[in-house]
Amino acid sequence: MSRTRQDAPPSPAALAERAAAASGADECVVTVEVRGGAHLRWANNAVTASGHVHDHRVTVVSAVARRDGIAVGSVTGQADPGGEVDGLVEAADAAARSAPADPDATGPVGDRASPDWADPPAEAPAALLAPVAASLRSAVDRANAEGRLLYGYAERGFRTSYVASSTGLRLRHVQREGLLDLTVRGSNGAGQVWAGNGWTGSQADDDVAALHERLRDRLHPELPRAELPEGRYEVLLSPSCVADLMLHLYRAAGAGDAADGASPFADPGVGTRLTPMPLSLESGPGLPGLECAPFLLPGAADEFAAGLAAPEDAGLPLSPTEWISGGTLAALVQTRRTAARTGLPLTPWIGNLRLSGPPGGRTLPEMVAATDRAVLIDCVWYVRTVDAATLLLTGLTRDGVHLVEHGEITAALPDLRFTESPVHLLRRVTEVGRTGPALPREWGDGFTRTAMPPLRVEGFPLFPSERATT
């Protein structure tokens, strides 16, 4: 696959085909991802950085058939479109030959093709961020007049993926990727608050001024600060908080871990009632505003959670899936290997997530107005697993914790620590708000396609953040 200096570099589609054909393994699947995007960063009411990124990533998966099963090897690396990928192919072939055979392993997905297979990657011009920049100027003007400081980050771009295999796969997909987050610091040391959104394609996603307006009532200089004793409280969780917690739940929903007894869904598993509320947690390639690839791209799954997608399943067709249906666990994330092992339907990982409740849910401001006393939490941070078997998490609130009394925000609270399992939390949900696009604060750089409602939860454990817990 060498080329002379004067040769034009191969297209990503041609590169994927050539790499798949070069493998000496029994079967091979190659994914070439081309990413392009623009980004903008600001601090202290001034732009501090802007630029454009462009990179390529190649994943080669080789499979070798043996008497006792199939051995699989996978290697990922950065590669210029005209660069050599021989080393990646050879490394994947060698990894497959040295790997132990797995009786449940399968080869690449069968023959399918996209009509736009040979099209070039989608371009991401810097002008994608022009609406954000224009809105930022408006927001900064107002912030300067009111003595506030704005900090934030925005990015817009596309990831074009090409999947080619020795079995005839020729698939292409363009994924829109982007986010906008904003932190506002109040004057006179009045704290700071945060809000953000993903890029759904709506004009509202570009509106920094609207995010600023949404946060202004949390930063009144006269808003008193209060302390909160350790205890269990009724809380109002913003859609961002809910997104982070539900992504931890989704990340723990692998069928392999459940079959091994290493997850909260091990026993009794699918069919278990998780919450008395009629909640539905779902994924699907065509969810409005959250559209993702209609076939499996394990490289995208790797950014979110290892183990949810097998590399040899690249190209597997995806369809709408309910993980929780009407409050009951309806499915776990299956690879072809785990589906064969468990005997359950094949329900692969999908790159978006939506939680919803009954129609007519209220917005978060409406829920605040209907609250006698509760703690309002805007976002969570540094969330880590304490016990995988129960999905017990510990984490911190960040940039916006407030006391709500008699329908109004009455005090700002310091950041607090919590310990909670999203599985147990679902049992104590007493109100489900209106579902809308949400940007998880912690997972936002790797998983932006979520839609969540605000939740009212009783008995949420909170304590001063300086206290350690196990």
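Which residues does Thr371 touch, not counting residues up to four places away in sequence? Keep that one in mind, and we'll get there at the third stop.

**Before you start**

You are looking at a predicted model, where local features need pLDDT of at least 70 and side-chain atom pairs count only at pLDDT 80 or more, while totals for chains, interfaces and linings use all residues. Residues are numbered from 1 along each chain as its sequence is written, and side-chain values use heavy atoms, with hydrogens and water left out.

**Stop 1: the two domains**

Color 12-213 and 223-469 separately: these are domain 1 and domain 2, with bounds that come from an automatic or database domain assignment. Their centres, taken over C-alpha atoms, are 23 Å apart. Where they meet, 39 residues of domain 1 and 34 residues of domain 2 take part in the contact (contact means heavy atoms within 4.5 Å).

**Stop 2: a sheet with antiparallel pairing**

Next, show the strands S1 to S6. A quick word on labels: helices (H or I, at least four residues) and strands (E, at least two) are DSSP runs, numbered from the N terminus. Two strands pair if DSSP finds at least two bridges between them.

Here you have an open sheet of six strands in the order S3-S2-S1-S4-S5-S6, paired antiparallel. Strand S3 (69-78) and strand S6 (192-198) are at the edges with a single partner strand each, so one side of each has no neighbour in the sheet. On average, neighbouring strands are turned by 15° against each other, direction ignored. (Axes are lines fitted to C-alpha atoms, for helices over the stretch in contact, and angles run from 0 to 180 degrees between N-to-C directions.)

Zoom in on S2 (residues 46-66) and S3, which pair over ten bridges. A hairpin of two residues links S2 to S3. Select Arg66 and you'll find its bridge partner, Gly69, in S3; Ala65 sits opposite Ile70 in S3.

H2 (residues 86-98) lies across S2 and S3, at about 45° to S2. H3 (residues 130-146) lies across S1 (27-43), S2, S4 (149-165) and S5 (170-185), running at about 165° to S4.

Between H2 and H3 there is a loop, and Ala118 is in it. Is Ala118 buried or exposed? Ala118 is exposed, with a relative accessible area of 61% (buried means under 20% relative accessible area, exposed over 50%, partly exposed in between, with a 1.4 Å probe and protein chains only).

**Stop 3: Thr371**

Time to go back to the opening question. Select Thr371, in the loop between helix H9 (364-369) and strand S12 (373-377). Thr371 touches Glu234, Leu236, Val404, Glu405, His406, Gly407 and Arg456, leaving out residues up to four places away in sequence. With a relative accessible area of 3%, Thr371 is buried. Show side chains, and you'll see the one of Thr371 in a polar contact with the side chain of Arg456 (2.9 Å). A polar contact is a pair of N or O atoms within 3.5 Å; within protein, one must be able to donate a hydrogen and the other to accept it, and residues adjacent in sequence count only if both atoms are side-chain atoms.

**Stop 4: strand S17**

Select residues 416-420, strand S17: five of its five residues are buried. In a regular strand the side chains alternate between the two faces of the sheet. For S17, Leu416, Phe418 and Glu420 are on one side, with Arg417 and Thr419 on the other.

What pairs with S17? S14 (residues 392-397) does, antiparallel, over four bridges, with Thr394 opposite Thr419. S21 (residues 455-464) also runs antiparallel to S17, joined by three bridges, and Phe463 of S21 stands opposite Arg417.

**Stop 5: the core**

Of its 76 residues, Tyr250, Ile377 and Leu462 touch the most other members. Helix H5 (residues 239-251) gives the most to this core, with eight residues. Domain 1 and domain 2 both contribute residues, so this core lies between them. A second, separate core has 20 residues, including Trp42, Leu129, Val184 and Ala195.

Conventions: A nonpolar core is a set of buried Ala, Val, Leu, Ile, Met, Phe, Trp, Tyr and Cys residues joined through side-chain atoms within 4.5 Å.
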